[in-house]
Amino acid sequence: ARDQVSKLNADLTRERQVQSGVDEYIFRTSQDERVRPSHENMEGKICKWDDPNVYKDEPGDKWRSRSSIQGVQKHPGEDYQCRCTAEPVLEGLLSKALEE
């Protein structure tokens, strides 16, 4: 049951962020001894909601494959018993809103 509630929360977070115009997020782990290596490899990486297979280190960088760093190829909270979260990247959101 705990796993299913976690997945529901992850889905709601994604839906809220995408509906708010957030296209990217920063992958955050619990940063404790139980974090899986593939999740730990994604800590602090910028990711895209529309592609769980890519990441970048900085906003201006090119997208790279998560498999190149053995990073989990799922969004935070999608994996079994995952405690990771998605921190929204708000940079550029205001300029998008002003363009509309």
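These are my notebook entries on a predicted model.

**Entry 1. Helix 1**

I began with helix 1, which covers residues 2-19. I compared its expected span with the distance between its ends. At 1.5 Å a residue, its 18 residues should span 26 Å, and the end C-alpha atoms are 26 Å apart, so the two values agree.

I then looked up which residues of helix 1 are buried, and found Asp 3, Ala 10 and Gln 17. Viewed down the helix axis, the buried residues fall within an arc of 60 degrees, so they line one face of helix 1. I noted that these buried residues pack against strand 1 (24-28) and strand 5 (85-88). On the face turned away from the buried side I recorded the exposed residues Gln 4, Arg 16 and Gln 19.

Thr 13 is also found in helix 1.

**Entry 2. The aromatic pair**

How many aromatic pairs does the structure hold? I found one. The pair consists of Tyr 25 and Trp 49, with ring centres 4.2 Å apart and planes at 40 degrees, so I recorded the pair as tilted. Tyr 25 lies in strand 1, whereas Trp 49 lies in the loop between strand 2 (46-48) and strand 3 (51-56). The pair therefore ties together parts that are 24 residues apart in sequence.

Are the two partners buried or exposed? Tyr 25 counts as buried at 0% relative accessibility, and Trp 49 counts as buried at 5%.

**Entry 3. His 75**

His 75 is buried, with a relative accessible area of 3%. A polar atom of the His 75 side chain lies 3.1 Å from the backbone oxygen of Trp 49. I then listed the contacts of His 75, leaving out residues up to four places away in sequence: Arg 14, Tyr 25, Phe 27, Lys 48, Trp 49, Asp 51 and Pro 52. Both members of the aromatic pair, Tyr 25 and Trp 49, are among the residues that His 75 touches.

**Entry 4. Ser 68**

Ser 68 lies in the loop between strand 4 (64-65) and strand 5. I noted Ser 68 as partly exposed, with a relative accessible area of 49%; the exposed class would require over 50%. The side chain of Ser 68 reaches the backbone oxygen of Ser 65 at 2.6 Å. I also looked up Val 54, which is 14 residues from Ser 68 in sequence and 9.5 Å from Ser 68 in space, C-alpha to C-alpha.

**Entry 5. Cysteines**

I searched the whole structure for disulfides and found zero. Cys 47 is in no disulfide, and the nearest cysteine sulfur, that of Cys 84, is 10 Å away. Cys 47 is buried, with a relative accessible area of 0%. Cys 82 is likewise in no disulfide, with the nearest cysteine sulfur, that of Cys 84, at 3.6 Å. I recorded Cys 82 as buried, with a relative accessible area of 5%.

How values were computed:
Residues numbered from 1 in each chain as written. Predicted model: local features only at pLDDT ≥ 70, side-chain atom pairs only at ≥ 80, totals over all residues. Heavy atoms only, no water. Helix = DSSP H or I, 4+ residues; strand = E, 2+ residues; numbered from the N terminus. Expected span 1.5 Å × (residues − 1). Buried < 20%, exposed > 50% of the residue type's maximum accessible area, 1.4 Å probe, protein only. Arc of directions from axis to C-beta. Contact = heavy atoms within 4.5 Å. Polar contact = N/O pair within 3.5 Å; in protein donor to acceptor, adjacent residues only side chain to side chain. Disulfide = S-S within 2.5 Å. Phe/Tyr/Trp six-rings, centres within 6.5 Å; stacked < 30°, edge-to-face > 60°.
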